[in-house]
Amino acid sequence: MWAAGGQRRAGLGLAAAAAVLALAAWRLRRRRRPLREVLFFPSQPSCTEELLAEAARPGAAARPCPCPLPRGDCSLSRLLRRLLSARRSLDICLFAFSSPQLGRAVQLLHRRGVRVRIVTDAQYMGLRGSQIGPLRLAGIQVRHDQENGYMHHKFAIVDGRMLITGSLNWTTQAIQNNRENVLVMEDAEYVKPFLDEFERIWEEYNPINYRFFSKDKK
């Protein structure tokens, strides 16, 4: 009799252990996979006004935009959503930045309290239509190179965990006309080298290191 009771208890224990293992396996399968997304440009024409307005006033009633552009999803709107998902930080390292929509998204994040830092190319930041001047005036930190070569990187890091990189310069020309690609991922082994590269360049381009006159000039 006691032997039978012990066997039943042992059986219940094994069943409970099996249930715990099954639950752990189920949770493991349901764990969110790291984001991996590929965007191709040129982007289809689409109105992004409602997306940006919603980001500026979360929860407010959306006002329909009167423009004739379609409201469908497109590569630009998906890129905007990834950027607007930032909650703590946005580090941007770009050769050229003139897209008004992307510039507006970055300003919205800055006003929301997200720490935004931008590294860019000294020659291209001064071109007509560049978003760098308005972003600087808005209080966003910007650093640039002082080299003969170009600062030709094109990547951004959201909250230290999401990498956005590819061939795309953030310009209207590239978004609307060029054959470009953007890869969005959350794989830590790939994000970290870009984080390290950004921090390295950020320190290298510290304004205290700027040289306004040649060291050889007397």
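**Pocket, cavity and surface patch**

Helix α6, spanning residues 172-177, makes the greatest contribution to the lining of the largest pocket, supplying 3 residues. The model is a predicted one. In total, 16 residues line the largest pocket, and those nearest its centre are Pro45, Ser46, Leu76, Gln101 and Gln176. The space within the largest pocket amounts to about 240 Å³. Its lining comprises 8 polar, 7 nonpolar and 1 charged residues.

The structure contains 1 cavity of 30 Å³ or more, and the volume of the largest cavity is about 50 Å³. The lining of the largest cavity is formed by Leu94, Lys154, Phe155, Ala156, Ile164, Thr165, Gly166, Leu168, Trp170 and Val182. Strands β5 (154-158) and β6 (162-166) each provide at least two of the lining residues of the largest cavity. Classification of this lining gives 7 nonpolar, 2 polar and 1 charged residues.

On the surface, a nonpolar patch is formed by Val38, Phe40 and Leu183, which together present about 280 Å² of accessible area. Phe40 belongs to strand β1, which covers residues 36-41. The relative accessibility of Phe40 is 58%; Phe40 is therefore classed as exposed, the cut-off for that class being over 50%.

Definitions and conventions: Residues are numbered from 1 along each chain as its sequence is written. This is a predicted model: local features need pLDDT of at least 70, side-chain atom pairs count only at pLDDT 80 or more; totals for chains, interfaces and linings use all residues. Side-chain values use heavy atoms; hydrogens and water are left out. Patches are made of residues with over 30% relative accessible area and no salt bridge: like charges are joined within 9 Å, nonpolar side chains (Val, Leu, Ile, Met, Phe, Trp, Tyr) within 5 Å. Accessible areas come from the Shrake-Rupley method with a 1.4 Å probe; for residues, only the protein chains shown count as cover. A salt bridge is a side-chain nitrogen of Lys or Arg within 4 Å of a carboxyl oxygen of Asp or Glu. Helices (H or I, at least four residues) and strands (E, at least two) are DSSP runs, numbered from the N terminus. Buried means under 20% relative accessible area, exposed over 50%, partly exposed in between (1.4 Å probe, protein chains only). On a 1 Å grid over the protein atoms alone, a cavity is a set of points where a 1.4 Å probe fits but cannot get out, and a pocket is an open set with protein on both sides within 12 Å along at least five of seven lines; lining residues have an atom within 4 Å of a point. Grid points are joined across faces, edges and corners, and a volume is the space filled by probe spheres set on the points. Ala, Val, Leu, Ile, Met, Phe, Trp, Tyr, Cys and Pro count as nonpolar, Asp, Glu, Lys and Arg as charged, and the others, Gly among them, as polar.
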